[in-house]
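Please look over the model below before reading on. My notes follow as numbered points.

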Number of protein chains: 2
Amino acid sequence: MVEPAAAPPENEIMEEKHIVRAYDKDLARLGSLVAEMGGRVEAQLGAAIEAVVRRDSAPAEQAIEDDARVDTLEREVEDQAIRLLALRQPMALDLRAAVAALKISHILERIGDYAANVAKRATVLNRLPPLAPAKAVARMGPPVRQMIKDALDAYADRDADKALAVWRRDAEVDELYDSLFREILTYMMEDARNITPGTHLLFMAKNIERIGDHATNVAEIVHYLARGAAIEAPRPKGDRTAYAVVEPASGRDAEG
Amino acid sequence: MVEPAAAPPENEIMEEKHIVRAYDKDLARLGSLVAEMGGRVEAQLGAAIEAVVRRDSAPAEQAIEDDARVDTLEREVEDQAIRLLALRQPMALDLRAAVAALKISHILERIGDYAANVAKRATVLNRLPPLAPAKAVARMGPPVRQMIKDALDAYADRDADKALAVWRRDAEVDELYDSLFREILTYMMEDARNITPGTHLLFMAKNIERIGDHATNVAEIVHYLARGAAIEAPRPKGDRTAYAVVEPASGRDAEG
């Protein structure tokens, strides 16, 4: 027991407690806005993929519509972060946390844009004859959704190990994209009527791969936030399609 | 003339001046880091385009290499912004300025990535037989470079009108991209051997169009910073290629 005479006056303790509580509340509010953004962009991607799998454009239309809410949430995160920085003048770790929230919300807004773009292209694909690699593109969806979810869980728990696990999984997604890129080009070379749907599938696959990259960026921010140090290993460079050359099968168009 | 007796003591004035000067110096340093990033990503894009026009991969290799320096600069901006927020506890407008620098540096880092990707694909194109739309893709370069330059000038001068002018020019770039998208697809449909270079050109054109979008994002941030209000008009949605369907000319592959 502390001797009552040695303690600061009751009203000072109350005031300090009050400030700390208000401050924690502000940080928690920032965290829950980011979590809401994460849940929404994850759902956007899920709906876009569902539209491809079921060849039903309704979930895609929803994903496109939902993008406005994600944009609004990004502005709310920014306003909240700036209010927190201005009113509470946080120090060191809390300052890092506020800046991390700003950065993550910006990344999530980008993910929402990519998901909406996948959804738009899904509505076009659904009006064209089915193309086989569409199913394979859809298979990129679940692992990338899981990466978003795990990155956000790592953020909520400030869990550096979980963040590192997300970061490591990006190479698989890149490999999936790499093999899909070649497969889609082969379909496009077989029949000129596959070129329009094939092009949309290429951009869809690329967008999903980019979403994986962005989830990886979130993981890097979380790792830094939790450990105060960047992930030491160099980031695996999985997507090599910028350098890819796919040749048409011999025989077709060989005279041109 | 102020009555000397009414003024604060000399040493207090000196101290305040000193703080203000150190603070202005920090903000100026932040501004010059952002300007350096801007100059570098603009040069990266210029080199990538030059590699396409001259069919010489040397400038492209340089653009790819330079990306690491841009990434480093982004981290420097972040460190500097956080130091400024922590040590000087800026208020209102200066807080907005620090957050704007963070956001713009993040966007410039993305622009650098896109420019490096254009450069990588240029090195592949230069190893394949020339494809006519390459020249047209290259023509997207100068107006987009100018958008980056003007957005950064607007930032340096806190010039809302200049920012608005950049913002308005994005629709032209989107239109250029839209017509190129269709042209490239037509080439791909004419000859299967055009599909690999055509695909790289599609992604290059898309990346340059995205750089234009990002320059527009910078313009929006600058407008807000200079005027304290967002640009009121809804952003023109110029790129409609996510919904594009291009049909092969009748006759070819019509039997498949």
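**Notes on the two-chain model**

1. At 47% relative accessibility, Asp157(A) is partly exposed, where buried means under 20% relative accessible area, exposed over 50%, and partly exposed in between (1.4 Å probe, protein chains only). The rule asks for a side-chain nitrogen of Lys or Arg within 4 Å of a carboxyl oxygen of Asp or Glu.

2. Ground rules. This is a predicted model, in which local features need pLDDT of at least 70 and side-chain atom pairs count only at pLDDT 80 or more, while totals for chains, interfaces and linings use all residues. Residues are numbered from 1 along each chain as its sequence is written, chains are lettered from A and ligands numbered from 1 in the order in which they are written, and side-chain values use heavy atoms, with hydrogens and water left out.

3. Fold of chain A. There are seven helices and zero strands. Helices (H or I, at least four residues) and strands (E, at least two) are DSSP runs, numbered from the N terminus. The order from the N terminus is α-α-α-α-α-α-α. Chain A has 256 residues, and 53% of them count as buried. Take the contacts in chain A with a separation of 6 or more: 84% of them come from residues 24 or more positions apart. Contact here means heavy atoms within 4.5 Å.

4. Symmetry. Chain A superposes on chain B by a rotation of 180 degrees, with 0.0 Å of shift along the axis and an RMSD of 0.0 Å. The two copies are thus related as by a two-fold rotation axis.

5. Interface size. Contacts link 54 residues of chain A with 54 residues of chain B. In chain A, 100% of the interface residues are also interface residues in chain B, so the copies meet through the same surface. Chain A and chain B bury about 4700 Å² between them, 61% of it on carbon and sulfur atoms. That area is the accessible area (1.4 Å probe) that two parts lose on being put together, summed over both.

6. Six salt bridges are counted between chain A and chain B. Ten residue pairs are in polar contact across the interface, both residues at pLDDT 80 or more. A polar contact is a pair of N or O atoms within 3.5 Å; within protein, one must be able to donate a hydrogen and the other to accept it, and residues adjacent in sequence count only if both atoms are side-chain atoms. On the chain A side, helices H2 (58-88), H3 (92-125), H6 (160-190) and H7 (195-227) each supply at least two residues. H3(A) gives the most, with 14 residues. By class, this side has 28 nonpolar, ten polar and 16 charged residues. Ala, Val, Leu, Ile, Met, Phe, Trp, Tyr, Cys and Pro count as nonpolar, Asp, Glu, Lys and Arg as charged, and the others, Gly among them, as polar.

7. A bridge between chains. Which residue forms a salt bridge with Glu78(A)? It is Arg96(B), with the closest N and O atoms 3.1 Å apart. Both Glu78(A) and Arg96(B) are buried.

8. Salt bridges elsewhere. The count over all chains comes to 39. One of them joins Asp153(B) and Lys149(B), at 3.3 Å, N to O. Both lie in helix H5 of chain B, four residues apart, about one turn of the helix. Asp153(B) is partly exposed at 27%, and Lys149(B) is partly exposed at 35%. In chain A, salt bridges that share partners join Arg29(A), Glu36(A), Arg40(A), Arg69(A) and Glu76(A) into one network.

9. Glu209(A) is found in helix H7 of chain A and is buried, at 2% relative accessibility. Beyond four places in sequence, Glu209(A) touches Met140(A), Val173(A), Asp174(A), Tyr177(A) and Asp239(A). Gln80(B) lies in helix H2 of chain B and is buried at 6%.

10. Arg235(B) sits in the segment after helix H7 of chain B. Its relative accessible area is 27%, so Arg235(B) is partly exposed. Contacts of Arg235(B) include Asp170(B), Asp213(B) and Glu220(B).

How values were computed
Least-squares fit on C-alpha atoms with pLDDT ≥ 70 in both.
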